[in-house]
Amino acid sequence: QSNNMRAFGLIEAGLAICLCFALVVVLSSSGCGAVPATLVRQEADGKLVYQYDKDGNRVMDYSTCGYKSGQPIPNPSTISVLHVVKPGSGDDSEAIQSAINAVSAAPLQRTGFRGAVLLAPGTYTLKRQVTISASGVVLRGNSEKDTVIRSALPNGILVAGGGRMRLENEHNKFVRKYYPFGSSSFELESVDGLAVGDSVVIVSTITAKFIAYLGMDKLVRDGKHETWIRAGERVLTDRVVTKIEGRTVTFDAAFPDSIRPELWDNPETDTPYVARYTWPDRIRQSGVEFLKAEHSAELNTNGFISVNNAENCWVRNITLDDFQAGVVTTGPTSKFVTIQSLTINYSKFYKRPAPPAILSMAGTQILHTGTVIQGRINNWPLSAGDPVCRGPIAHHNIRINCGPDAMVEPHMRWSTGILYDNINNRDGIVELVYRGIMGSGHGWTMGWGVIWNSAARELCAQNPLDHTDTSKPVLYKNWLVGGEGKNVPGYQAPDNKLIGTYDAPGEGFVTAPTSLYLAQRAA
């Protein structure tokens, strides 16, 4: 335990220095001073002033991403070790799971923790998945150097609660009017049954009119129609009520889309509403930390850690060798999760026709920070897919040294409100783009995404529009702010022109604030 105590102290003491150094590494080669951003302007006292477009849309606030709304992950010394596991001569899955089960049976302390399982130095073999399903349980290695787990499983470690979200009080409908992107306060027809501190979901609907507005009803591949998103699909956005004034309710984070009644199919069924929920078996205050995981260098589609049905959980200081898909993931029902300080290494290059995603973050209020990915790959280092990726989600201070085939981009089907802040993928691509008929009809991958002060060979942000009718007004945006790289129009851009929303973009410009996430945390 003493090794990761020292490691944690070094991490915490050096965090600000490391982040500043990373910003210099990403941006210093431009040789020019900071050009102030206009989309988000930082005043001398650190306060931020947001620019609103003609429809009232603005860049989202990402400061609530991560464990306990952006708070530091607890110091290991505050979570007592209750069981120590030592490596055996064969499969160690049962020994690790038994220790996790024993800690899971311990009483939950006032701190929200039960205790930790410590994996002593040595090499472990994992042939069956181990699961943390109780709140307040931490699986901890001695350090990233001397606690090693070998796994060839699709997912070696699962951090996931049980049961399901139970909705209550489903009658609090929004007043039927337009709400711009970036809004966190909404007028309801009634606030009966709602109170400050309630965990709620905002329930909205993907409508046929919305799909048609973006031309996503016209995806045809090899003569067959492709379904982008099914009309009528309900989308749940997880929030906490922070204020109620009259019939106006404020949430802990903005809703990750604009709300446009003109794109509803039926106002009676498509009006968004707020529902309180309970979920006693959702896992909280659990994590995995301070260890190394190894996979053979053969071609694979395996990952190592999956987090879902989780709130206020974390994964930190993990080294991962040669896991090639879903290396660490957060699922659709994850909230307030921090993924911090991963080191992901690749020793062999494979060219694939359909590259897998290394890291995929679904859910909401997810923070991914401080990761290094290295070794030649043909993968998506950072990915997202479908409306279950509900911002704010922040990727911050990520360094990728993986060659020209490393593509930082969302995968498919309307993820919203994701920030790519200080991403260094100098040899590869960072883009928020249309993918058309690719795959099974990926279409528009992202709305309201932000690339902020990132470095890549090519940078691209496209505003979502109907490629078959460019006379329609642009109602949705993706932003590209500052950074270094060649700005390109991207896939099927009309007239091969830039169609995003730009602020001092690429070509050696940098902006102030240099990090949107850090500036919002400090404001």
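Contact means heavy atoms within 4.5 Å. This is a predicted model, in which local features need pLDDT of at least 70 and side-chain atom pairs count only at pLDDT 80 or more, while totals for chains, interfaces and linings use all residues. Residues are numbered from 1 along each chain as its sequence is written, and side-chain values use heavy atoms, with hydrogens and water left out.

**Exercise 1.** State which residues Leu320 is in contact with, leaving aside its neighbours within four places in sequence.

*Solution.* Step one: Leu320 belongs to the residues with the most contacts inside the largest nonpolar core, together with Phe304 and Leu359. Such a core is a set of buried Ala, Val, Leu, Ile, Met, Phe, Trp, Tyr and Cys residues joined through side-chain atoms within 4.5 Å, where buried means under 20% relative accessible area with a 1.4 Å probe, protein chains only. Step two: the partners of Leu320 are Ala293, Phe304, Val327, Val328, Leu342, Thr343, Ile344 and Asn345.

**Exercise 2.** Give the number of residues in the largest nonpolar core and in the second, separate core.

*Solution.* The largest has 66 residues. The second core has 41 residues, including Met60, Leu219, Trp448 and Tyr476.

**Exercise 3.** Describe the protein as a whole.

*Solution.* Step one: the protein has five helices and 38 strands, counted as DSSP runs (helices H or I, at least four residues; strands E, at least two). Step two: its C-alpha atoms fill a box of roughly 65 × 55 × 55 Å along the principal axes. Step three: 60% of the 523 residues count as buried. Step four: among contacts with a separation of 6 or more, 79% join residues 24 or more positions apart.

Conventions: Buried < 20%, exposed > 50% of the residue type's maximum accessible area, 1.4 Å probe, protein only.
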